Amino acid sequence: MASIKEEEVKLIGNLPSMASRKVEIALQLKGIKYEFLEEHDLKHNKSPELLKYNPVHKKVPVLIHSGRPIAESLVILEYIDETWTQEPALLPSDPYERASARFWSKFIDDKCYPAVRKYLTLGSETEVESARAEAQEGLQFLENELKGKKYFGGETIGMVDVVAVGVAFWQQTLEEIMQMEPANSCQDFPLLCAWADELLGCSVISDNLPSKDKFSSLIQSRLQFAAAASAASK
């Protein structure tokens, strides 16, 4: 009988979703074979599989291991690291460093990404500037955390680096699309820029990021929808 580690692994995800991308990156860094089940329309037509395996939040990603579902990207990343213990380790063995990695992972998900998403609200100039200031505050904390390090995990890619992959890609892409003044310029955040270049130089990372053309099309369609909704409400 096969051990649970050798049994079937599936991932319910969505290609533009950075949360899904993070889990795919972790699986591939660990060399874990899996089947990707794509959700094409999360807003209007969620699949029966997603509703079955994540009935609480009905969101991606969901990892299915031996028929057992694990939801929420940070929880999934820890599960992957604890279940498949081969290198690279996503979390350090030292309890303090492990707790610190969990803290910064949650900080990025709770603080940094929401600030970037505010760029998509099409609010007033004041609201946009407020969102940019909030993003810069979060980035400054990350800049400070990188002092003396190649990656957040030290000399090798770890969980915080995987969680923060969108900082290296997503925000820059959104700013290019929306032609905003950069919130993460290399002049202001040289360590973050050096880290991003190093991270995106890893083929497992770069190969699992959405193409900028496809991502641009997706964001432009969302911007148009938001603009139409805003105009209709006036």
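**Figure 1. Glutamate 78 pairs with arginine 102.** At 17% relative accessibility, glutamate 78 counts as buried. This close-up, like the others, comes from a predicted model. The partner of glutamate 78 is arginine 102, and the two form a salt bridge. Their closest N and O atoms are 3.0 Å apart. Arginine 102 has 32% relative accessibility, so the residue counts as partly exposed. Glutamate 78 sits in helix H3 and arginine 102 in helix H4, so the bridge ties together parts that are 24 residues apart in sequence. Side chains of opposite charge can pair when their charged atoms come close.

**Figure 2. Lysine 22 meets aspartate 109 in a salt bridge.** The N to O distance is 2.9 Å. Lysine 22 belongs to helix H1 and aspartate 109 to helix H4. The pair links distant parts of the chain, 87 residues apart.

**Figure 3. Serine 73 touches both Lys22 and Asp109.** Serine 73 is part of helix H3. Its relative accessibility is 8%, so serine 73 counts as buried. What does serine 73 contact, leaving aside its neighbours within four places in sequence? The list is Ala19, Lys22, Val23, Pro61 and Asp109. Lys22 and Asp109 are the two partners of the salt bridge in the previous view.

**Figure 4. Lysine 10 and glutamate 8 form a salt bridge.** The closest N and O atoms of this pair are 3.8 Å apart. Lysine 10 is partly exposed, with a relative accessible area of 22%. Glutamate 8 is exposed, at 51%. The count of salt bridges in the model comes to ten.

**Figure 5. Helices H5 and H8 pack against each other.** Two packed helices are described by the angle between their axes and the distance between the axes. Helix H5 spans residues 125-145, and helix H8 spans residues 190-200. Their axes lie 8 Å apart, at an angle of about 75°. H5 and H8 are therefore roughly perpendicular to each other. Which residues make the contact? H5 gives Leu139, Leu142 and Glu143, while H8 gives Pro190, Leu191 and Leu192. Five of the contact residues are nonpolar, none is polar and one is charged.

**Figure 6. Leu142 is one of the most connected residues in the largest nonpolar core.** In soluble globular proteins, nonpolar side chains tend to be buried together. The largest core here has 47 residues. Those with the most contacts inside it are Leu63, Ile80, Ile108, Leu142 and Trp195. Among the elements that give two or more residues to this core are strand E1 and helices H1, H3, H4, H5 and H8. Not counting residues up to four places away in sequence, leucine 142 touches Trp104, Phe107, Ile108, Cys112, Phe152, Val167 and Leu192. A second, separate core has five residues, including Ile12, Val60, Val62 and Ile64.

**Figure 7. The whole chain gives the setting for the close-ups.** The protein chain has ten helices and four strands. Along the sequence, they follow the pattern β-α-β-α-β-β-α-α-α-α-α-α-α-α. Of the 234 residues, 44% count as buried. Among contacts with a separation of 6 or more, 68% join residues 24 or more positions apart.

Methods: Residues are numbered from 1 along each chain as its sequence is written. This is a predicted model: local features need pLDDT of at least 70, side-chain atom pairs count only at pLDDT 80 or more; totals for chains, interfaces and linings use all residues. Side-chain values use heavy atoms; hydrogens and water are left out. Axes are lines fitted to C-alpha atoms, for helices over the stretch in contact, and angles run from 0 to 180 degrees between N-to-C directions. Angles under 35 degrees count as roughly parallel, over 145 as roughly antiparallel, 65 to 115 as roughly perpendicular and the rest as oblique. Contact means heavy atoms within 4.5 Å. Ala, Val, Leu, Ile, Met, Phe, Trp, Tyr, Cys and Pro count as nonpolar, Asp, Glu, Lys and Arg as charged, and the others, Gly among them, as polar. A nonpolar core is a set of buried Ala, Val, Leu, Ile, Met, Phe, Trp, Tyr and Cys residues joined through side-chain atoms within 4.5 Å. Buried means under 20% relative accessible area, exposed over 50%, partly exposed in between (1.4 Å probe, protein chains only). A salt bridge is a side-chain nitrogen of Lys or Arg within 4 Å of a carboxyl oxygen of Asp or Glu.
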